[in-house]
Amino acid sequence: MKLYGGIAKKLGRAAAAVACALAVALAAPAAAIATDVAAPLQASVDGEELANPTAAPETNTPAAFLVDRDNGQVLLAKDADSRRFPASTTKIMTALLVLEHASLDDVVTVQADDFSQLSEDSMMSGLKADEQITVKDLLACLLLPSGNDAAYVLARHVGGTWQGFVDLMNQKAVELGCKDTHFANPCGLHDDDHYTTARDLCRIFEAALEEPTFCEIAGSATWELPATNQNPARELETTDFLIDPASDAYAGGLVTAGKTGYTLEGGKCLVASAQKDGRHLAAVTLGGANDAGYGEPTSNFYGMRDLINWGFDAWENTTVVADGDELGCVAVRLSEDGTSVGAVADGGITAFVPTGLTLDDLTITADLPDGLTAPVKKGDPLGQASVSYEGRELGTVALAAGTSLAWSPALFVRDWLSVPANLAIVVGAAVAVVALIVLIVAFIRRRKSAASGKQPKRAASGKHFKS
């Protein structure tokens with residue numbers, strides 16, 4: 001009896017061990033895909049402007065364009081692709097080509113024919129026929145007082161003729177990707193076939209900003225011209241009130257380069273670059289009103305200053321998702337430590353966004369398992385999350401379990417028995433065990449009786465009579 005009882009106990013322990021091992025296997029958590037942090041997507045000068053809850057200021061012009069030069073994000077595009085007359089902002093392209101094709105130390109002799117296309121009321125820098133002057137000083141005459149005379153002198157020097165130079169201007173516009181730009185002269189005097197757009201002009205301006213000499217001259221309030229064979233030494237003054245510290249429209253030193261323009265047909269035009277706290281902007285406004293007296297800043301200067309300040313204040317390059325931020329959660333079974341685990345960022349996402357943006361402002365799409373079974377360890381990979389703002393993808397980040405949850409054997413047994421089929425198996429197994437025990441007990445009793453030597457009683461086989 002003890003022999004068979006020991007065998008039964010060993011069988012029971014073995015069955016329990018098998019069941020436990022099966023339970024552990026069933027309890028293993030599902031694996032998830034881990035992904036590295038992706039760089040934020042960036043727009044280009046050709047892209048659409050980004051959404052910002054802080055409205056842009058009024059530029060006081062019908063067309064405007066603002067771009068962050070560090071990442072190419074378009075911050076404002078106001079009728080930016082309509083053809084408009086650029087007036088003297090044309091001289092940005094003139095300066096760019098001169099810097100690419102001429103030496104700054106070249107000495108150029110002014111010719112009387114250089115003035116043949118200019119009227120008496122044309123903007124002039126005071127050049128005289130037969131005057132000998134360097135290319136660099138001619139560029140100062142071109143950009144600060146916006147001298148049309150300097151434009152034609154430089155055009156002839158580089159292009160052979162001013163007409164040949166205009167051909168170079170149009171070729172360069174195509175090379176830069178300008179889609180709605182055509183030049184008819186090197187200075188910006190009105191011509192119906194002389195036009196650009198705010199977006200195209202910004203593209204030309206950004207190319208010019210790559211030239212240090214352009215930034216040096218176009219960012220100066222004044223320029224000292226040395227004496228020449230025809231003129232005494234003199235000081236040139238800029239027409240850009242944003243750069244002039246004495247002006248009411250002075251931008252406080254933010255503007256690093258700029259160019260003005262005005263014709264009756266083109267209105268007040270203005271181009272400016274600005275720098276603050278390591279960030280760089282470029283802006284264009286076209287078609288402004290001539291609404292101030294001579295020598296006073298018109299409203300487009302104030303509009304440009306407000307636009308630049310908005311570009312710096314309303315936007316920032318910042319961490320929108322930090323390492324450890326919870327971006328979702330996953331349900332967890334069979335743990336007494338909790339019923340879910342937080343899915344936290346395993347890394348971070350940095351993006352160019354409106355200032356003050358929070359996680360609540362973002363759209364987070366998490367790719368996570370439908371559920372997990374304990375045990376779960378802190379740091380276990382869970383999946384990944386895509387983060388966007390106003391439909392613009394900012395990046396993706398891997399997700400991991402934010403805490404650990406241990407496996408509960410009691411909850412496992414309860415959960416397993418809650419399945420009808422599993423309960424039926426247990427009942428059936430119990431019945432089989434009881435039956436087996438009954439059979440074993442009966443068998444043992446028979447063997448025990450046989451071993452004791454007792455014979456069973458037998459019935460009489462016939463009748464007995466007296467004699």
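Reply: Two strands count as paired if DSSP finds at least two bridges between them. Strands (E, at least two residues) and helices (H or I, at least four) are DSSP runs numbered from the N terminus. The model is predicted, so local features need pLDDT of at least 70 and side-chain atom pairs count only at pLDDT 80 or more, while totals for chains, interfaces and linings use all residues. Residues are numbered from 1 along each chain as its sequence is written, and side-chain values use heavy atoms, with hydrogens and water left out.

Lys-276 stands opposite Arg-279 in S9. S8 and S9 form a hairpin with two residues between them, and Asp-277 in that turn has a positive phi of about 50 degrees. Strand S8 covers residues 267–276 and strand S9 covers residues 279–288; they pair in the antiparallel sense over eight bridges. Val-271 has Val-284 in S9 as its bridge partner.

On another pairing of S9, strand S1 is joined to S9 over six bridges, again antiparallel. There, Val-67 has Ala-282 in S9 as its bridge partner.

The whole sheet is open and has five strands in the order S2-S1-S9-S8-S7, with antiparallel pairing. Strand S2 (74–78) and strand S7 (255–263) are at the edges with a single partner strand each, so one side of each has no neighbour in the sheet. From one strand to the next the twist averages 5 degrees. Helix H6 (residues 198–209) packs on this sheet and touches strand S1 (63–68), S2, S7, S8 and S9 (contact means heavy atoms within 4.5 Å). The direction of H6 makes about 135 degrees with that of S9; axes are lines fitted to C-alpha atoms, for helices over the stretch in contact, and angles between N-to-C directions run from 0 to 180 degrees.

The nonpolar packing comes next. A nonpolar core is a set of buried Ala, Val, Leu, Ile, Met, Phe, Trp, Tyr and Cys residues joined through side-chain atoms within 4.5 Å. The largest such core has 65 residues, and Phe-65, Met-93, Leu-127, Leu-139 and Phe-214 have the most contacts inside it. Helix H6 supplies the largest share of this core, eight residues. Leaving aside residues up to four places away in sequence, Phe-214 touches Ile-92, Ala-95, Leu-99, Leu-143, Phe-205, Ala-208, Leu-209, Gly-219 and Ala-257. A second, separate core of 26 residues includes Leu-254, Leu-281, Ala-314 and Phe-352.

The loop between S2 and helix H2 (91–101) holds Thr-89. At 1% relative accessibility, Thr-89 counts as buried. Its contacts, again without residues up to four places away in sequence, are Leu-201, Lys-259, Thr-260, Gly-261, Cys-269, Leu-270 and Val-271. Ala-87, which is also placed in the loop between S2 and H2, has a positive phi of about 55 degrees although it is not a glycine. Ala-87 counts as buried, at 1% relative accessibility. Asp-79 is in the loop between S2 and H2 and has a positive phi of about 45 degrees, likewise without being a glycine. Asp-79, at 37% relative accessibility, counts as partly exposed.

Helix H2 packs with helix H5 (residues 162–175) at an angle of about 95 degrees, with the axes 10 Å apart. H2 and H5 are therefore roughly perpendicular (angles of 65 to 115 degrees; under 35 is roughly parallel, over 145 roughly antiparallel and the rest oblique). The contact is made by Met-93, Thr-94, Leu-96, Leu-97, Val-98 and Glu-100 of H2 and by Phe-165, Leu-168, Met-169, Lys-172 and Ala-173 of H5.

Technical notes. Buried < 20%, exposed > 50% of the residue type's maximum accessible area, 1.4 Å probe, protein only.
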